[in-house]
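Subject: A structure for you to explore

Hello,

Here is the structure I promised to pass on, together with some notes on what turned up in it. Have it open while you read, and look up each residue as we come to it.

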Amino acid sequence: MSLILVNKETEQEKEIPTGFSWTTLFFGIFVPLLRGYWPYFFGLLALCFVGGLGLFIAWFICPFLINNHYKDHLIKNGWTTKQKYTEEKQRQEEDKLLRQAMLSKALN
């Protein structure tokens, strides 16, 4: 399953996976590296250097967590869900039309 996020400033859309990350299970720390998700990449890299339990956490626990953390990271950096974005745009358009109608009625 996936979720579509929209950048409020650039209107760029990004489809992100949700739930368990099979790619992280198979490719480990390369997933956040390729996504440009630097805090998570350096965290996993540090866990890999620790070895033992850290390596186990990096390879077998993080696939359960990474997609949710990545979604939260994007939302904190100005992204929103497509549904919220379209509702907000529609509300702004309705407000604009209402203001125009009120202005034209006031001028008449």
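How many salt bridges does the count come to? Keep that question in mind while we look at the whole chain. One point before we start: this is a predicted model, and every value below is computed from it.

**The overall picture**

The chain has six helices and three strands. Why is the chain described as more spread out than a compact globule? Its radius of gyration is 21 Å, while the globule rule gives 13 Å for 108 residues, and 21 Å is well over that, so the chain is more spread out than a compact globule. The C-alpha trace spans about 80 × 25 × 20 Å along the principal axes, which you can check by turning the model around on your screen.

Buried residues make up 23% of the 108 residues. The accessible surface of the chain is about 7,800 Å², and 63% of it belongs to carbon and sulfur atoms. If you take the contacts with a separation of 6 or more, 59% of them are accounted for by residues 24 or more positions apart.

**The salt bridges**

Back to the opening question: the count comes to three salt bridges.

Start with K89 and E11, whose side chains meet at 3.4 Å, N to O. K89 lies in helix α6 (residues 82–107) and E11 in the loop between β1 (2–7) and β2 (13–17), so this pair ties together parts that are 78 residues apart in sequence. K89 has a relative accessible area of 39%, which makes it partly exposed. E11 is partly exposed too, with 47%. There is something else to look at in E11: its phi is near 60 degrees, a positive value in a residue other than glycine.

Next come K82 and E13, with their closest N and O atoms 3.3 Å apart. This pair also links distant parts of the chain, since K82 is in helix α6 and E13 is in strand β2, 69 residues apart. K82 is partly exposed at 33% relative accessible area, and E13 counts as partly exposed at 45%.

Finally, the side chains of D72 and K71 meet in a salt bridge at 3.7 Å, N to O. D72 is partly exposed, with 32% relative accessibility. K71 has 22%. Why does K71 count as partly exposed? Buried means under 20% relative accessible area, and K71 is at 22%, so it counts as partly exposed.

In soluble globular proteins, nonpolar side chains tend to be buried together. In this model, the largest nonpolar core has 14 residues, and those with the most contacts inside it are L5, I16, Y40, L44, Y70 and L74. Which elements give two or more residues to this core? They are α3 (38–50) and α5 (66–76).

Leaving out residues up to four places away in sequence, I16 touches S2, L3, L5, Y70, K71 and L74.

**A buried threonine and a surface patch**

Is T24 buried or exposed? At 0% relative accessibility, T24 counts as buried. T24 lies in helix α1 (residues 22–27), and it touches V31, W59, P63 and I66, again not counting residues up to four places away in sequence.

For a contrast, look at the surface. L53, F56, F60, I61, F64 and L65 form a nonpolar patch there, with about 620 Å² of accessible area together. One of them, F56, is found in helix α4 (residues 53–61) and counts as partly exposed, at 43% relative accessibility.

**One last stop**

N77 lies in the loop between α5 and β3 (79–81). N77 is partly exposed, with 47% relative accessibility. How far apart in space are N77 and I66? They are 16 Å apart, C-alpha to C-alpha, and eleven residues apart in sequence.

Enjoy exploring, and write back with any questions.

Best wishes

Technical notes. Residues are numbered from 1 along each chain as its sequence is written. This is a predicted model: local features need pLDDT of at least 70, side-chain atom pairs count only at pLDDT 80 or more; totals for chains, interfaces and linings use all residues. Side-chain values use heavy atoms; hydrogens and water are left out. A nonpolar core is a set of buried Ala, Val, Leu, Ile, Met, Phe, Trp, Tyr and Cys residues joined through side-chain atoms within 4.5 Å. Buried means under 20% relative accessible area, exposed over 50%, partly exposed in between (1.4 Å probe, protein chains only). Helices (H or I, at least four residues) and strands (E, at least two) are DSSP runs, numbered from the N terminus. Contact means heavy atoms within 4.5 Å. Patches are made of residues with over 30% relative accessible area and no salt bridge: like charges are joined within 9 Å, nonpolar side chains (Val, Leu, Ile, Met, Phe, Trp, Tyr) within 5 Å. Accessible areas come from the Shrake-Rupley method with a 1.4 Å probe; for residues, only the protein chains shown count as cover. A salt bridge is a side-chain nitrogen of Lys or Arg within 4 Å of a carboxyl oxygen of Asp or Glu. The radius of gyration is taken over C-alpha atoms; the globule rule is 2.2 Å times the number of residues to the power 0.38.
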